[in-house]
Amino acid sequence: MEQVVKCLLLKNDLIVISEISEVPGELGEPDCKLTNPFRMVKQKDTDSYTFETWLDFTNQNEIMIHSDSILTLVDPSTELLSKYFDSIK
């Protein structure tokens with residue numbers, strides 16, 4: 001299966017880059033699986049971003065969330081996508 005990597009703006013204003021897939025489930029259960037998610041942090045004096053471990057209190061690399069926690073999702077730029085793949089190696 002092809003990797004689908006997106007930048008997600010969550011309702012709490014956090015920006016995450018991750019592989020994302022829809023997971024069927026019961027109503028009310030988490031329905032999105034994020035694989036290798038990173039929090040994106042914009043650098044103050046540049047237009048660049050750094051990636052930080054999103055949930056640094058776990059070693060899990062697959063996180064389930066509710067799709068209603070996502071405000072919007074977009075395709076990352078080529079530069080961000082390359083940086084993401086370098087980060088998950």
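Q: Contact means heavy atoms within 4.5 Å; leaving aside neighbours within four places in sequence, which residues is K6 in contact with?
A: This is a predicted model, in which local features need pLDDT of at least 70, side-chain atom pairs count only at pLDDT 80 or more, and totals for chains, interfaces and linings use all residues. Residues are numbered from 1 along each chain as its sequence is written, and side-chain values use heavy atoms, without hydrogens or water. K6 belongs to strand β1 (residues 5–10), where helices (H or I, at least four residues) and strands (E, at least two) are DSSP runs numbered from the N terminus. Beyond its neighbours within four places, K6 touches V16, I17, S18, I20, L73, V74, D75 and P76.

Q: What is the relative accessibility of K6?
A: Buried means under 20% relative accessible area, exposed over 50%, partly exposed in between (1.4 Å probe, protein chains only). K6 counts as buried, because its relative accessibility is 17%.

Q: How many aromatic pairs are there?
A: Rings of Phe, Tyr and Trp (its six-membered ring) pair if their centres lie within 6.5 Å; planes under 30 degrees apart are stacked, over 60 edge-to-face, the rest tilted. By this rule the aromatic pairs number 3.

Q: What is the angle between the planes of F38 and F51, and how many residues apart are they in sequence?
A: F38 and F51 are stacked, with 6.0 Å from centre to centre and 25° between the planes. F38 sits in strand β3 (residues 32–42) and F51 in strand β4 (residues 49–53), so the pair ties together parts of the chain whose separation in sequence is 13 residues.

Q: Are F38 and F51 buried or exposed?
A: F38 has a relative accessible area of 15%. F51 has a relative accessibility of 16%. Both F38 and F51 are therefore buried.

Q: Which type of aromatic pair do F38 and Y84 form, and how many residues apart are they?
A: The F38 and Y84 rings are edge-to-face, at 6.0 Å centre to centre and 85° between the planes. This pair links F38 in strand β3 with Y84 in helix α1 (residues 78–87), distant parts of the chain. F38 and Y84 are both buried. The pair is edge-to-face, and its sequence separation is 46 residues.

Q: Which residues do ring pairs link into a cluster?
A: F38 pairs with F51 and also with Y84. The cluster linked by ring pairs holds F38, F51, Y84 and F85.

Q: How far is the sulfur of C32 from the closest cysteine sulfur?
A: A disulfide is a pair of cysteine sulfur atoms within 2.5 Å, and the count here is 0. C7 is in no disulfide, its nearest cysteine sulfur being that of C32. C7 is buried, with a relative accessible area of 9%, and C32 is buried, with a relative accessible area of 9%. The C32 sulfur is too far from that of C7 for a bond, because the distance is 15 Å.

Notes:
Contact means heavy atoms within 4.5 Å.
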